[in-house]
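Please look over the structure below with its charged side chains, aromatic rings and backbone angles in mind. The briefing that follows takes up these topics in turn.

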Amino acid sequence: MSLLKVDQLLPSQLLNSLIFSVVITDLSGRFLYVNPLFQHKFSHISTDLTQNHFADTVYAEDVKACNEAARTCIKNPLQPVSITVRKACEGEEFFWTHWEISAVKDEAGNVIGIMSVGHDVTTTETNNEKATELSESRAYVKESSHENEDLALLSLVAHNTTNAVVITDKDENITWVNEGFTRIMGYTEAEVKGKKIYFFLENAQEVSDKVKKRIRYSLDNKLAFTEEVKVTNKRDKTVWLELNGKPLFDESNNHIGFMSTDNDITKRKHAEQEQRETLERLSLATDSAQIGVWEVDLADGNTFWDEKMYDLYGFAKDTPFPPYKIFKKMMHPEDKEMMKKILAGLAEGKKSIDSAIYRINMPNGKIRYIEAHAIVQKSPEGKPIRLIGTNRNITDDIAVQEKMKTQNKVLRDIAFIQSHEVRRPLANILGVIEVLNSSNSVQNKEIFDHLIESANELDMQIRSIVKKTNNLDGIFSN
């Protein structure tokens, strides 16, 4: 078995598993291949682990045990070895993993490397229980009817995955299904053995004829494929499946059957539907409120604008200019420093949310006022990874506010005139009335009393107007 045939030994759906780590090393312990899950777990060591030695990922006290297991496999290539060891995390932390280790041979039968398939057993009650479980899985493989060694090892992995795995003969008749298939579809191995692969699609009205024809074409031509289908399982429960079909070939490239790794994506589909509905509601809300949505990835600086954002800045969505250049170019010179400090504070994690009002110079030469709000999205470790925000054109609002300020100034001027210019001659009149009243020189007392009453009433009206104007001034100021 050549190292280049790892994708035939373990299909991509299992190599990309979120449960199993798969690694291949040469005889010196250097990584030749690691699957994405293993790379993700140890990305703190290197972004490309194929440049590292397996010992870099193992807890120091367990390196010796790993070396002994590898030597055993090299001496006895037909006998896989099981081992439970600690894998190193960042710092001095570690987690327990159980591994099935086997020799990798070239076409001539020479051992040229070691393949290890493992998974995290830290959360199990005891490591011994998990080791026993895997030992039983290996025993199951030995007792299976698969004579092909590659298929036996494939079955070891498939037996332990949570996905539904189906293996057929060359005529598409099911020969084996794993426990994941029974859990998802409700059918036992005995119930489906001998049935055609994807028998559950025959009466699936939710699956279009177009999709069924694509699957049929792939099977007839022995091609790998991926399709998403909505079916009903034995328990009459609706299930969304991602079908990953793959033809199987032996070492002589003879077609020996098919394998399908089916992922239950029901939760994902429901989440996507909820997301679509949420986005539709958000789109309706932002469109009606004339709000643009933007997003900045702090890792690479990539900026996303929705269509409304381009409209706010006076550009077409298909403009060749990237959003950050438009933002920088259009910013009013007097507001650049303020926005630079605000965005820097968010990116550095000094604030989790902020807002601002700034000006932009539109292509037509006019000034537009923008009200911006932004929040910081952080990683589980608390590191800022993304800025998400909104922009809204408040130019009309600013114009209304300016008009109100102008009206307020006019009212203040009126109040000044009323309180000083009008009340000054009125005060003189009231003074003369007081003098005449004191001198008893008024002949017509009735007219004089009416004059006093009118002057006092005018004074009260002026005071009332001044008071209301001052109150209105306070409202505008707020």
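Glu191 is partly exposed, as its relative accessible area is 33%; here buried stands for under 20% relative accessible area, exposed for over 50% and partly exposed for what lies in between, with a 1.4 Å probe and protein chains only. The model is a predicted one, in which local features need pLDDT of at least 70 and side-chain atom pairs count only at pLDDT 80 or more, while totals for chains, interfaces and linings use all residues. Residues are numbered from 1 along each chain as its sequence is written, and side-chain values use heavy atoms, with hydrogens and water left out.

**Salt bridges**

- Over the whole structure, a search finds 16 salt bridges, a salt bridge being a side-chain nitrogen of Lys or Arg within 4 Å of a carboxyl oxygen of Asp or Glu.
- Glu191 forms one of these with Lys234, where the closest N and O atoms are 2.4 Å apart. Because Lys234 lies in the loop between β8 (225–232) and β9 while Glu191 belongs to helix α8, the pair ties together parts that are 43 residues apart in sequence; helices (H or I, at least four residues) and strands (E, at least two) are DSSP runs, numbered from the N terminus.
- Lys234, with a relative accessible area of 40%, is partly exposed.
- Glu227 and Arg214 form another salt bridge, with 2.7 Å between the closest N and O atoms, and this pair links distant parts of the chain, since Glu227 is in strand β8 and Arg214 in helix α9, 13 residues apart.
- Within that pair, Glu227 counts as buried at 11% relative accessibility, whereas Arg214 counts as partly exposed at 37%.
- Arg392 counts as partly exposed, at 26% relative accessibility.
- Glu61, Asp62 and Arg86 are linked in a network of salt bridges.

**Charged surface patches**

- Glu446, Asp449, Glu453 and Glu457 form a negative surface patch; patches are made of residues with over 30% relative accessible area and no salt bridge, like charges being joined within 9 Å and nonpolar side chains (Val, Leu, Ile, Met, Phe, Trp, Tyr) within 5 Å.
- Accessible areas come from the Shrake-Rupley method with a 1.4 Å probe, and for residues only the protein chains shown count as cover.
- Asp449, a member of the negative patch, is found in helix α15 (residues 445–477) and counts as partly exposed at 37% relative accessibility.
- A positive surface patch consists of Lys325, Lys328, Lys336 and Lys340, and the elements that give two or more residues to this positive patch are α12 (323–330) and α13 (336–347).
- Lys336 lies in helix α13 and is partly exposed, with a relative accessible area of 41%.

**Aromatic rings**

- The count comes to 12 aromatic pairs, where rings of Phe, Tyr and Trp (its six-membered ring) pair if their centres lie within 6.5 Å, and planes under 30 degrees apart count as stacked, over 60 as edge-to-face and the rest as tilted.
- The rings of Phe38 and Phe42 have centres 4.8 Å apart and planes at 45°, so this pair is tilted; both Phe38 and Phe42 are buried.
- With ring centres 5.5 Å apart and planes at 75°, Phe199 and Phe200 make an edge-to-face pair. Phe199 is buried, with a relative accessible area of 13%, and Phe200 counts as buried at 11%.
- One aromatic cluster is formed by Phe181, Tyr187, Tyr198, Phe199, Phe200 and Phe225.

**Backbone and loops**

- Most residues other than glycine have a negative phi.
- Tyr198, by contrast, has a positive phi near 60°; Tyr198 sits in the loop between α8 (189–192) and α9 (209–220) and is buried, with a relative accessible area of 6%.
- Asn253, which is not a glycine, has a positive phi of about 65°; Asn253 is found in the loop between β9 (238–249) and β10 (255–264) and counts as exposed at 59% relative accessibility.
- Ser208 is placed in the loop between α8 and α9 and is partly exposed, with a relative accessible area of 36%. Ser208 and Val229 are 21 residues apart in sequence and 8.8 Å apart in space, C-alpha to C-alpha.

Note on methods:
Lys and Arg count as positive and Asp and Glu as negative; His and the chain ends are not counted. The place of a charge is taken as NZ of Lys, CZ of Arg, CG of Asp or CD of Glu.
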